[in-house]
Every structure is written in C-alpha cells, then in structure tokens.
Amino acid sequence: MKEIYIGVDVGSVSTNVVAIDRNVNVLFKTYIRTNGQPIDSVKEGVKQLREALGDVEVLGVGTTGSGRQLAGAILGADVVKNEITAHAIATIHFVPDVRTIFEIGGQDSKIIIIKDQMVVDFAMNTVCAAGTGSFLDHQAERLKIPIEQFGDLALSATRPVRIAGRCTVFAESDMIAKQQFGFSKAEIIRGLCDALVRNYLNNVGRGKNLEPPFVFQGGVAANKGIRAAFERELQSKIIVPEHFNVMGAIGSAILAKNYIEKTNAKTNFRGFDAADIDFSTASFECKGCSNRCEVVKVSMEGKVIAMWGDRCGKWTNSL
Amino acid sequence: MKVSFPYMGSAIVYKKLFEFLEHEVIMPPKPTQRTMDLGVKYSPEFACIPLKMVMGTYLEAIEKGAKVLVTSGGHGPCRAGFYGDTHRNILKSLGYDDIELIIFDAPQDSWRAFFRNVQKIRNGVPWHKVINRMYTLYRFVQKLDELEKMVQKIRPYEVNKGQTTQVWNQIQERFDKIKTRKELYKVYEECKQLLFSIPTRKVDEKDRIRVGIVGEIYVVMESSINFGIEEILGNLGVEVERSLYLFEWINDNLVPWILRPKRFKEIIKKGQRYIKILIGGHAVETVGHIIDFKERGFDGIVHLMPFACLPELVTQSLIPKISKEVDIPILSLPIDEQTGKANMLTRIEAFIDLLKNRKRGKTKEVFIDNIQEHVQEERVVMV
Ligand code: SF4
C-alpha cells in the first residue's frame with residue numbers, strides 16, 4: 001500500500017489538497033474553489049484524493065491557510081501551521097538556494113525573504129487588491145478577454161504602455177484612456193501586468209532587500225504576462241516551480257512528514273470517512289466576562305470536537 | 001456627577017480615580033464590535049481608529065447615563081490634539097447639549113487650564129483627602145502594572161492553557177474592590193502568590209523568546225482593538241512587554257519634571273537618533289523603545305499602528321532602516337476597522353517562527369523543533 005502525507009491549504013478563494021510520498025514526490029494535487037464553504041471544499045478535496053489514489057496509508061496530515069484550524073479539526077491534522085512558514089518550507093525543498101519568494105494568489109499576496117534556508121523577513125498585503133490576482137480577473141472581464149489568454153496576449157504586445165496601477169479604480173480609468181489613444185488590447189494588457197508587478201513590489205515589497213534566486217508561485221504564476229513583467233522589472237530570471245499553485249499545501253504536508261518522522265507519533269487523521277461525516281460550525285458570544293469572546297465551535301455529527309477563540313481557555317479546556 | 005471616560009487598558013484605574021473623588025461612576029463597556037460600529041458611523045472617515053473607538057465608547061457611556069466625560073488631550077502636531085474638540089463637536093451635532101467633556105491637556109501646556117479642570121472634577125472633596133487618595137491611586141496603578149508584567153512573563157509557560165488569563169481576570173476583580181492603601185498592599189501580596197502558584201513548565205533561558213510591543217498608545221494599551229495581541233503572543237509561548245504602562249505614563253506626563261524617573265528621557269534620546277523633530281503622537285517613543293528593547297536583549301518587536309496615523313506612518317517608513325541598523329526583526333501591524341483576524345494571526349505566527357529560527361540556528365532542523373511545540377499549542381483545541 002502506498003504511504004502518503006496529506007497537505008491541505010484552505011484559503012478564502014481556493015482549497016488545495018495534495019498527497020506526497022516519503023520522498024516528497026507529489027502523487028496527487030487538486031484545486032477547488034472554496035466558495036465560502038470551507039468544510040465542503042475540504043471534504044471534496046479529500047474525496048478526490050481517495051478516488052485518484054485508491055488504497056493508501058495516511059501517515060500524517062498538515063493544514064495551512066486562513067481556514068487551517070477548521071480544516072485541522074475536521075481531518076484530525078498533526079500539524080497546523082501558518083501559510084508563510086508552509087510556503088517557505090515547500091519552496092526551500094524544491095529550490096534549496098532560494099532567496100526571495102513571490103507568492104500571488106487570488107485575494108492575497110506575500111513576499112518571503114529567505115537566507116540560509118531560513119525565513120528572515122516577510123510581508124503580506126492587507127487591504128489593497130491592486131497587487132493580487134483579483135485585479136487581473138477584474139480587468140480581464142472588463143476587456144472581455146478570458147483570463148487564460150491573458151498571458152499569451154500580453155507577450156504578443158510590441159510596444160510598452162504605462163498604466164497607472166496604484167489602485168484598481170485608477171487603473172480602470174487609465175485603461176479606458178489608453179484604449180482611446182489607440183493602444184491595442186495586447187499592449188494594454190502588457191501595461192496591466194507591469195502595473196500589477198510594480199504595485200506588488202512597491203506595496204508588499206517596500207523596504208525589502210530583494211535578492212535572486214527569485215521564485216514565483218501562487219495561482220497568478222500561471223500567467224506568462226506577469227512572469228515576463230517580473231523579469232523586466234527585476235532584470236533577472238524568475239523560477240516558477242512545477243507545483244506553483246499548491247505550494248502551501250505541499251509545505252504543510254512536508255511539515256507533517258517532518259513532525260511524524262521526528263516524533264514517531266501516530267497520525268491523528270480521522271480517516272477518509274471524514275468526507276462522509278457531517279460537520280458543522282457555529283460561533284457564539286460568550287458572556288462569561290467582559291471580554292465577550294467570539295467562540296467558534298466545530299461539531300461532528302452533533303458532538304462538539306473543537307472550540308477556539310476564547311481568551312481564558314474556558315471553552316477550549318472544556319473538551 | 002455621573003462621570004465616564006474612554007476605555008483604555010485597565011479601566012478600573014480610571015474608575016478608582018472617580019470613585020476616590022466621590023463621583024457616581026458610569027463604567028464604560030469594554031469596546032466591542034458595536035462600539036466600533038457606532039464610532040465609525042459618527043466619526044469622520046479619515047480619522048484614525050482610536051478617535052472612532054473613543055467616540056463609540058462615549059456614545060455607549062451616554063446611553064448608560066453618563067453626563068460628564070473626562071479624557072486626556074494630546075499635544076504636538078498630530079491630530080490627537082484635536083480629538084477632544086472633534087468629539088465635542090460631534091456630540092453637539094448629535095444633540096447632546098447637556099453632556100460635558102472635560103479634556104486634560106498636559107499640565108505644562110497650561111497650568112491654569114489644568115487646575116481649572118482639577119477644580120471641576122475635584123467635586124468639593126477637601127484637598128488633603130484628594131492628595132492622600134491620589135497617592136493611593138498612584139500606588140494602585142503601580143501595583144497593578146507590576147502584576148500585569150508578571151502575567152506577561154508567566155503566561156507563555158503555563159501548563160494549563162488559559163489559567164494565567166483567568167487569574168489575571170480575578171486580580172482585576174479584586175483590585176476593583178480595594179478602598180484603602182493598606183488593603184492595596186495586602187491584596188497585592190495575595191495576588192502575587194496567586195500568580196506564583198500557577199504551574200509552569202521550565203524553559204531554558206536560550207529558548208525563551210521575548211517580544212516588545214510598541215506604537216500608538218491606544219492600540220498598544222487597549223486589547224479589544226489589538227485582538228488581545230499580548231495573549232496571542234503569550235499563548236504562542238512568547239514573553240511580552242509593552243512600551244507603555246499606565247504607571248510609567250503617569251510618571252512621564254503628570255509627575256512634575258524634577259521627580260520623573262530618568263528612563264523616559266533616555267528613551268526619548270534614543271528615539272531622537274532617528275526622529276529629530278517633534279511630530280506628535282508616540283513616534284519618538286516608539287523608536288526609542290525599539291532600540292531600548294534591543295539593548296535589553298529582546299528578540300523581536302511588534303509595532304502597532306492605527307491605519308492613517310501620521311506619526312506611526314513615519315515610524316513605519318523608518319522601520320526597515322532601524323531594523324537593519326539595530327539588528328532586530330520588527331513586525332508592523334496596521335490596525336483599522338476591517339483588519340481581518342486570520343490575516344493578523346498568520347503574520348504573528350510566521351513572525352514568531354522567524355524569531356525562533358533566528359535564535360536557534362540555521363538548519364532545516366529548526367523548523368521541526370518549532371512544529372513540535374506548535375502542534376502541542378495548537379492541538380489543545382482539538383480532540
Ligand atoms: S470565553 Fe472566557 S474570556 Fe472570553 S468572554 Fe467567555 S469567560 Fe470571558
């Protein structure tokens with residue numbers, strides 16, 4: 001029977017599930033839209049994994065992403081870790097000498113600075129969407145170009161055009177202006193890619209020392225236009241790893257593997273039946289004291305299996 | 001007078017103050033989402049978050065029957081100096097003509113105004129009593145702060161998750177009932193024992209992680225707006241110290257200059273290495289404390305800044321430089337109405353991973369060590 005480690009990355013836009021073997025070969029990966037239903041998307045991902053791999057023995061499970069605690073509770077994860085560490089771990093595995101990681105997803109983006117295989121600095125976008133995939137999605141829609149063609153079109157442009165990309169609203173009005181000046185769609189798209197990269201480097205990368213080798217990952221790394229824009233801006237080669245869009249999930253699987261191997265622990269994994277189990281979450285405001293914590297409660301078939309959010313431990317410890 | 005005040009940090013201290021002056025105290029509720037909603041609704045959009053939260057607090061206190069609101073002013077060129085007047089105007093425009101807002105500006109700005117205010121809130125209590133009780137209050141703040149500092153050093157190592165916070169809640173309740181100085185010292189000793197009796201795990205000196213919290217006073221002091229960052233860090237196994245404690249603030253701002261401890265002047269001097277002119281808020285202090293924490297052997301700094309806070313924006317822009325020159329990792333967290341908690345937690349966790357790595361060496365092994373602890377910490381919530 002195949003022995004695997006499972007990694008799950010639950011973000012607000014997508015849920016990624018991967019399986020790796022002992023040597024970190026990726027045996028399976030899937031990418032599912034979260035659609036505000038993290039429980040369903042985690043179940044769906046695990047179900048697909050079982051269908052694809054057949055009989056396997058799960059040695060460990062790791063979760064990451066903004067839904068990591070929830071996913072961890074549902075699956076019975078061994079390691080629950082933030083996505084910056086998870087991304088870094090995966091990238092270091094595939095590109096051992098990496099110094100700078102650009103991670104751009106649909107809703108958020110990060111820059112992680114590595115030195116001697118250690119995270120030494122990082123930054124994440126907070127509120128601004130102008131440096132993320134949704135900026136591109138939105139503009140592609142405006143221009144009526146399928147996002148899949150976006151990259152190729154950008155590469156076909158011959159003239160550079162500068163689009164003001166400080167903010168999506170200004171980018172939009174500038175785009176309309178440039179269209180009226182007679183620039184082609186391809187040129188405008190190239191301008192948009194440049195704007196996104198500029199924006200991202202200025203906002204998220206402000207004050208950071210960006211050193212090569214550069215690794216570019218996250219959903220947006222599929223876009224050749226953006227890749228080219230990075231290379232123009234940084235005057236350097238950009239590495240896009242093979243599994244660029246599921247690196248967080250791979251990282252959490254590696255973390256689970258390391259943990260299990262080091263401690264010889266038995267996994268907490270609930271088994272593949274978890275996909276058929278009925279989970280629900282609820283939250284309530286505790287009126288136990290003036291803190292009024294928002295407590296999250298996860299139940300499995302009616303029985304409470306996890307709680308968090310209480311500051312005093314009253315609920316967490318009640319289990 | 002039915003008196004209330006903005007909620008910031010250990011609000012029992014302000015409550016005590018007005019009790020000692022024999023006022024009827026309307027305790028403002030601890031800020032919640034509702035406070036925020038109210039504040040945001042009635043404040044100028046581009047005001048910074050402390051102004052909005054305080055606005056919300058005032059409205060909630062008025063709902064509970066407060067007639068007089070007492071607050072401290074701000075000085076220097078940042079907008080904080082206008083907070084009081086802005087709040088006053090907003091209250092007026094909402095039709096609260098009967099609400100009085102008393103603003104205490106720094107006494108050295110105008111001793112006259114200061115004493116006029118003191119006369120107002122003195123409430124006819126004879127001077128000798130005022131002085132005696134204020135001295136009790138001064139010690140009250142000191143003792144409470146001492147206990148809080150202990151809490152921050154015990155929490156990361158507690159064996160039973162949440163216990164330290166529970167004890168801290170008890171301590172505050174007990175302090176709330178104190179009436180005299182004698183009682184104060186007795187309660188203080190008992191609370192200390194309570195803290196010492198919390199079972200903790202032994203952690204090697206070289207494995208301890210210490211983080212200093214710096215930034216604008218309101219977001220540093222008020223846990224409801226900063227997601228309870230001290231507890232988050234504590235629960236991740238990190239010792240915490242803030243740049244600001246009420247006792248020190250009183251010493252720095254209200255105690256006459258000659259009696260002040262030297263520390264404050266030193267911090268300012270350290271800050272002036274990077275910010276030479278007065279820009280208001282706590283910018284110079286923030287920088288000064290960053291350097292001070294580093295000199296005292298801390299491993300990292302969390303810098304809290306209200307979104308759109310001018311002085312802290314200046315600090316933030318200096319941070320890459322300071323961080324490099326002083327050689328200490330600094331995490332800047334902007335705080336606004338819509339900061340997502342998940343995002344914030346991710347940053348904090350990743351930052352702590354980074355500090356641990358830095359401290360423990362340079363191999364991949366390190367990550368594994370971290371995970372182990374982490375799993376223990378996080379798995380507590382799972383069955
Ligand atoms: S969970 Fe604990 S700290 Fe939070 S409101 Fe309830 S009693 Fe208070």
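I began with strand β2 (residues 14-20) of chain A, which pairs with β3(A) in the antiparallel sense over seven bridges; strands here are DSSP runs of E of at least two residues, helices are runs of H or I of at least four, both numbered from the N terminus, and two strands count as paired if DSSP finds at least two bridges between them. In this pairing A:A19 stands opposite A:F28, and the two strands form a hairpin with five residues between them, where A:V24 in the turn has a positive phi of about 60°.

For the record, this is a predicted model, in which local features need pLDDT of at least 70 and side-chain atom pairs count only at pLDDT 80 or more, while totals for chains, interfaces and linings use all residues. Residues are numbered from 1 along each chain as its sequence is written, chains are lettered from A and ligands numbered from 1 in the order in which they are written, and side-chain values use heavy atoms, with hydrogens and water left out.

Strand β7 (residues 109-115) of chain A joins β8(A) in the antiparallel sense over six bridges, with A:I113 opposite A:D121.

Which residue forms a salt bridge with A:D121? I found A:K208, with the closest N and O atoms 3.2 Å apart; a salt bridge here is a side-chain nitrogen of Lys or Arg within 4 Å of a carboxyl oxygen of Asp or Glu. A:K208 lies in the loop between α7 (185-203) and β9 (214-217) of chain A and A:D121 in strand β8 of chain A, so the pair ties together parts that are 87 residues apart in sequence. A:D121 is partly exposed, at a relative accessible area of 26% (buried means under 20%, exposed over 50%, partly exposed in between, with a 1.4 Å probe and protein chains only).

In chain B I looked up B:E241, which forms a salt bridge with B:R296 at 2.8 Å between the closest N and O atoms. B:E241 lies in strand β6 of chain B and B:R296 in the loop between α13 (283-295) and β7 of chain B, so the pair ties together parts 55 residues apart in sequence. B:E241 is buried, at 11% relative accessible area, whereas B:R296 is partly exposed, at 39%. Salt bridges that share partners join B:E241, B:K270, B:D292, B:E295 and B:R296 into one network.

I also noted that helix α1 (residues 12-20) of chain B is mostly covered, with seven of its nine residues buried. B:E22, which follows α1(B), has a positive phi near 60°.

Last, I listed the surroundings of the ligand, which include A:C286, A:C289, A:C293 and A:C312, a residue being near if one of its heavy atoms lies within 4 Å.
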